[in-house]
Amino acid sequence: MTEPFDAARDHLAEHYPTLDTLLIIQRGEIMLAYERTPGALDAPHNLKSATKSVLSALIGIALAAGDIPSLDDTIGKLMPGWFTPSTDPRLRSIRVRDLLMLRSGLDWTEFHGPSTVQMTASPDWVRFVLERPLIHDPGTRHTYSTGDTHLLAALLQQRTGMSALDFATYYLFQPLGITGANWATDPQGIHVGGSELVLTPRDMAKFGQLYLHHGQWDGEQVIPADWVRLSTQPHTLVIPPGARGCTTISYGYLWWLRPQGSYESFMAVGFGGQFIVVIPALDLVVVLTGDIRNPPEPFNDNDMLCQFNLVQDFIVPYA
């Protein structure tokens, strides 16, 4: 007998051979566990920019603990050592909230451009980001930027006195039973705020389940429920309905939001086809991972948010 999600597995295997795992969990039960090669579901995967959504969770935990007093505090107030007397005052006025929405106003070209490559080649990544020209007033324009999230990781480390990985391990991964996480750092030992976190697909599913359950895990409030709600609300309309042949795409606090058919979803998304998709109305979490070495279209930039519709077309109708 054909199982409800076999069509999703078969479509993935036929049309997206670089995607190596598909994990579907509904009402707490594993409905499908597909792996292109044996052991892939338990193998470490680089989340690429899906890391940003994990960083959002860490900022929410730090905010609740008082390490970050307010989302409206500025980096000039929280991190005065980053600046010199000649620093553009507008740069000091960038708020934590602006970084979470990718609205620093700093000049940045993430895809098909030099910014991230130049940052990772520089001897001081934070300094590189802060020396970018400020081309918009902070808080006014969304520009996809791993530079913004690297500032958040640096702020988290300096405000908590713990590296992002140590902070995540103690406050997030240990409660979820996640072990073996890895996370690359810059030359100063700051973990890459917007990328390079390594987890297994099963661990990614745990993170999705945590958000599906409003930040609770085994009766423990790991992430404040208010933060889960706030961070997965649309704060920026990125692609209006119908533009570029796409559904509506919005951005929360380091989470993507888009409809999946008639249901709302929020998603952690990374280069090469790394996805954690949460659809609360269906009590559903979907995890996909892909090969990052040579990803084909549409998985080499954020066009995948529009063009990849496996969840909408092959999972939601059977959920």
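Leaving aside its neighbours within four places in sequence, with which residues is Leu22 in contact? Leu22 is in contact (heavy atoms within 4.5 Å) with Ala8, Arg9, Leu12, Leu32, Ala33, Tyr34, Val286, Val287, Leu288, Leu310 and Ile315, its neighbours within four places in sequence being left aside. The structure is a predicted model, in which local features need pLDDT of at least 70 and side-chain atom pairs count only at pLDDT 80 or more, while totals for chains, interfaces and linings use all residues. Residues are numbered from 1 along each chain as its sequence is written, and side-chain values use heavy atoms, with hydrogens and water left out.

Leu22 also belongs to the largest nonpolar core, which has 108 residues. A nonpolar core is a set of buried Ala, Val, Leu, Ile, Met, Phe, Trp, Tyr and Cys residues joined through side-chain atoms within 4.5 Å; buried means under 20% relative accessible area, with a 1.4 Å probe and protein chains only. The residues with the most contacts inside this core are Leu22, Trp82, Leu172, Ile223 and Ile315.

Strand β11 (263-270) has six of its eight residues buried, so it is largely enclosed by the rest of the structure. Helices (H or I, at least four residues) and strands (E, at least two) are DSSP runs, numbered from the N terminus, and two strands pair if DSSP finds at least two bridges between them. β11 pairs with β10 (residues 256-260) in the antiparallel sense over five bridges, and Leu257 stands opposite Phe266. Two residues separate β10 and β11 in their hairpin, where Gly261 in the turn has a positive phi of about 65°. β11 is also joined by five bridges to the antiparallel strand β12 (residues 274-279), in which Val278 stands opposite Phe266. The hairpin of β11 and β12 has three residues between the strands, and Gly272 takes a positive phi near 85° there.

A volume is the space filled by probe spheres set on the points, which are joined across faces, edges and corners.

The largest pocket holds about 410 Å³ of space. Of its 23 lining residues, Lys48, Glu110, Phe111, Thr116 and Thr146 are the closest to its centre. Helix α6 (115-121) and β11 each supply at least two residues of this lining, and α6 gives the largest share, four residues. In the second largest pocket there is about 170 Å³ of space. Phe111 is among the residues that line the second largest pocket, together with others including His142, Arg244, Trp256 and Asp301.

By the same rule, three cavities of 30 Å³ or more are counted. The largest cavity has about 70 Å³ of space and is lined by 13 residues, of which Arg258, Gln260, Met267, Phe275 and Phe308 lie nearest its centre. The elements that give two or more residues to this lining are β10, β12, α12 (304-307) and α13 (310-315). With three residues, α13 gives the most.

How values were computed. On a 1 Å grid over the protein atoms alone, a cavity is a set of points where a 1.4 Å probe fits but cannot get out, and a pocket is an open set with protein on both sides within 12 Å along at least five of seven lines; lining residues have an atom within 4 Å of a point. Buried means under 20% relative accessible area, exposed over 50%, partly exposed in between (1.4 Å probe, protein chains only).
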